[in-house]
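Keep the sequence and the structure open side by side.

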Amino acid sequence: MPQSRMGYAETERLSNLNLIQTKSASLKKLMARPENFDELVGQSEALANVFRRVEQVAPMNATVLLSGETGTGKGVVARAIYRCSARKEKPMITVNCAALPADRIERELFGEEKAGFTGGNPRQIGRFELADGGTLFVDEIGGLPLEMQSKLLRVMQEGEFERLGSTRTIKVDVRIIAASNRNLTEEIRQGSFREDLYYRLNVFPITLPPLRQRKEDIPLLVHHFLAKFNKKIGKQIELVSRATLNTLREYSWPGNVWELESVIERAVIISQGKTLQVLDRFEADRKREEAAEQDVKALVDLEHDYVLQVLQNTGWRIEGKTGAALILGLNPSTLRARMRKYGITRQ
Ligand SMILES: Nc1ncnc2c1ncn2[C@@H]1O[C@H](COP(=O)(O)OP(=O)(O)OP(=O)(O)O)[C@@H](O)[C@H]1O
């Protein structure tokens, strides 16, 4: 049996005991994986695919494009790729394009030389030079201004650039790992991302699945963060009730692993004794989500009733000037589709 399947069965068995023993040796064994993947916790098939992709590409010098919603682990995967690569003895330098103001990005990436500068250091070394021989992790690449995109494309194609304020060409050998939580193809359509750069970056894409699509990873992640925050905060919480686990599984985690991590951190802070207590704010978020689902349901019911009423008022006429479609502001074909969706048939 593959290890990932074995892992899932074991976690289920443990959770069936109602309480997860967070110090359980078997759980610890389940979390064992190649040393370089230490930071990446999970046993779902979706994550196993990510591990496979990482193992395939890491030893190559190929550019990697990581995509996925915020908090899905793009930074963690970038580090795993770096640690499994032939460049692991050289530095991995990170630049977050969304965190830097547009006018500073160029200086940060390519460095600067100030002509005639007298005080202080006239030269700033950019991150491309710092990463020479190693790896540059370009996070939130969608935030890179268009003119910087052209400059990045040139370094990727020719391995050269000039520092700001200088005409001297500098050659570098840098492996690029880029990440984006924006849909870059949509950005291309809107004219804010260069198509040629996208194709250069998209040599080996890896997509990180959102947590709501791999809820089977939640128990292991809870265990992982519990251990982390027990150590950090100096607590000894060892048990997670099945009810708490179910609560955590039911939520949709829009902030993905980031959000789970901070929920567990807050829970560790407030919990007394040995059992983890999930806190009020998380409950509030979850209840808001449930309420929103109910609102959507209520809206659907309202629309059903309204469509039915208009159809009855128009004597079930759909098309034409006195037809229901015109009154409802819909195309007749859309109205027919809605009727099918709501199961409305002529009475
Ligand atoms: N599979 C995982 N196992 C353990 N921890 C994880 C995993 N995925 C993410 N994390 C943790 O969740 C947090 C968010 O991860 P990370 O910063 O890599 O996400 P991201 O996709 O780069 O987010 P953003 O797009 O917001 O930068 C980090 O603290 C990271 O350690």
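Helix H3 passes helix H4 in a right-handed crossing. A crossing is right-handed if the near helix is turned clockwise from the far one by less than a right angle, and left-handed if anticlockwise. Helices here are DSSP runs of H or I with at least four residues, strands are runs of E with at least two, and both are numbered from the N terminus. This is a predicted model: local features need pLDDT of at least 70, side-chain atom pairs count only at pLDDT 80 or more, and totals for chains, interfaces and linings use all residues. Residues are numbered from 1 along each chain as its sequence is written.

Two packed helices are described by the angle between their axes and the distance between the axes. H3 covers residues 45-57, and its axis comes within 9 Å of that of H4, crossing at roughly 35°. Axes are lines fitted to C-alpha atoms, for helices over the stretch in contact, and angles run from 0 to 180 degrees between N-to-C directions. Which residues meet? Val50, Val54 and Val57 in H3 meet Val77, Ala80 and Ile81 in H4. Contact requires C-beta atoms, placed from the backbone, within 7 Å. The residues of this contact divide into 6 nonpolar, no polar and no charged. Nonpolar covers Ala, Val, Leu, Ile, Met, Phe, Trp, Tyr, Cys and Pro; charged covers Asp, Glu, Lys and Arg; the others, Gly among them, are polar.

Stay on H3 for arginine 53. Arginine 53 is partly exposed, because 18 other C-beta atoms lie within 10 Å. The cut-offs are 20 or more such atoms for buried, 12 or fewer for exposed, and partly exposed in between, with C-beta atoms placed from the backbone. Arginine 53 and isoleucine 206 are 153 residues apart in sequence, yet 6.9 Å apart in space, C-alpha to C-alpha.

Now zoom out. The protein has 15 helices and 11 strands. Of its 347 residues, 29% count as buried. Among contacts between residues at least 6 apart in sequence, 73% join residues at least 24 apart.

Next, the domains. The assignment gives domain 1 (1-27 + 213-278), domain 2 (45-208) and domain 3 (294-342). The contact between domain 1 and domain 2 takes 9 residues from domain 1 and 9 residues from domain 2. Which element gives the most to the domain 1 side? H12 does, with 4 residues. That side has 2 nonpolar, 4 polar and 3 charged residues. Such bounds come from an automatic or database domain assignment.

The ligand comes next. Of the 19 residues around the ligand, Val41, Gly73, Lys74, Gly75 and Val257 come nearest. The elements giving two or more residues to this shell are helix H4 (74-83) and helix H12 (256-270). A residue is counted as near if its C-beta atom, placed from the backbone, lies within 6 Å of the molecule. By class, the shell has 6 nonpolar, 9 polar and 4 charged residues. Domain 1 and domain 2 each give at least three residues to the shell.

Most residues other than glycine have a negative phi. Is asparagine 256 buried or exposed? Asparagine 256 is buried, because 21 other C-beta atoms lie within 10 Å. Glutamate 265 is also found in H12. With 15 C-beta neighbours inside 10 Å, glutamate 265 counts as partly exposed. Glutamate 265 and lysine 88 are 31 Å apart, C-alpha to C-alpha, and 177 residues apart in sequence.

Tryptophan 316 is another residue with a positive phi, about 65°, and is not a glycine. Find tryptophan 316 in the loop between helix H13 (280-313) and helix H14 (324-328). Tryptophan 316 is partly exposed, with 13 other C-beta atoms within 10 Å.

Serine 67 sits in strand S2 (residues 64-67). Serine 67 is buried, since 20 other C-beta atoms lie within 10 Å. Not counting residues up to four places away in sequence, serine 67 touches Ser180, Pro205 and Thr207. Glycine 165 lies in the loop between strand S7 (160-162) and strand S8 (169-171). Glycine 165 is partly exposed, with 15 C-beta neighbours inside 10 Å. The C-alpha atoms of glycine 165 and glutamate 261 are separated by 44 Å, and the two residues are 96 residues apart along the chain.

Conventions
Two residues are in contact if their C-beta atoms, placed from the backbone, lie within 7 Å.
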